[in-house]
Amino acid sequence: MHQICTLTDDLVIQELNISLLFDDTKYYLQGCHHVMLIGATLGIDVERRIKYTSKINMSKAVIMDAIASSYLEYALDEYEKTLDLKDRTFRFAPGYGDVPVSLNKEFYKYLNMYKYLGVTLTESGFFVPQKTMLCFIGIGKDHKHKECGHCIRKDTCSLRKDNKRCWID
């Protein structure tokens with residue numbers, strides 16, 4: 001599910017009166033006039049299967065957990081393609097970099113994720129089921145793909161210095 005909101009020049013989501021002015025978002029969102037909030041989950045059945053498997057074979061459960069996380073990212077990539085947004089940033093989620101996980105609470109309420117996805121948010125800002133993501137995309141600036149040249153840490157990244165990267169295409 002998603003919802004498009006207006007983003008002011010000082011990076012405030014108008015509909016929520018919430019600032020996205022953080023060091024890690026200034027670069028990515030500057031010049032964007034809208035932000036899309038996206039909520040997605042693989043659902044409780046995936047979590048139950050992983051928990052069940054952990055009682056039988058912990059190695060398999062760890063692998064299942066990793067695959068489920070990867071699949072959620074893949075599913076969101078595919079969902080974004082269906083939206084056909086021309087000028088947009090890549091996904092960014094509360095809890096990454098200096099963007100506080102506490103933003104999940106306001107975004108969760110705004111998207112009404114319990115009603116539409118059956119997702120619960122804990123007091124500490126994490127989701128049940130765990131294979132759930134709440135993220136945002138800036139609209140109005142072309143940073144569709146994760147690239148070292150678009151990264152806020154491009155000048156100080158130790159991976160880049162070693163000719164490596166932190167994402168998978």
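Predicted model: local features only at pLDDT ≥ 70, side-chain atom pairs only at ≥ 80, totals over all residues.

**Cysteines.** I checked Cys-5 and got 0% relative accessibility, so Cys-5 is buried (buried means under 20% relative accessible area, exposed over 50%, partly exposed in between, using a 1.4 Å probe and protein chains only). Cys-32 has a relative accessible area of 2%, so I put Cys-32 down as buried too. How many disulfides does the structure hold? I found zero, where a disulfide would be a pair of cysteine sulfur atoms within 2.5 Å.

**Ground rules.** Residues are numbered from 1 along each chain as its sequence is written, and side-chain values use heavy atoms, with hydrogens and water left out.

**Helix α4.** I went to residues 103-111, which make up α4 (helices are DSSP runs of H or I with at least four residues, strands are runs of E with at least two, and both are numbered from the N terminus). Which residues of α4 are buried? I noted Leu-103, Asn-104, Phe-107, Tyr-108 and Leu-111. They sit on the same side of α4 because they cover an arc of only 125° around the axis, the arc being that of the directions from the helix axis to the C-beta atoms. Just after α4, I saw that Asn-112 takes a positive phi of about 55°.

**Aromatic pairs.** My search of the whole structure turned up six aromatic pairs (rings of Phe, Tyr and Trp, with its six-membered ring, pair if their centres lie within 6.5 Å; planes under 30 degrees apart are stacked, over 60 edge-to-face, and the rest tilted). One of them is Tyr-28 with Phe-92: the centres are 5.9 Å apart and the planes are at 40°, so I call the pair tilted. This pair links distant parts of the chain, since Tyr-28 is in helix α1 (residues 23-29) and Phe-92 is in the loop between α3 (58-83) and α4, 64 residues apart. Tyr-28 is buried at 8% relative accessibility, and Phe-92 is buried at 14%.

Next I looked at Tyr-71 and Tyr-74, a tilted pair with 6.1 Å centre to centre and 40° between the planes. They are three residues apart in helix α3, so about one helical turn separates them.

**Cluster.** Last entry: Tyr-28, Phe-90, Phe-92, Phe-107 and Phe-136 form one aromatic cluster.
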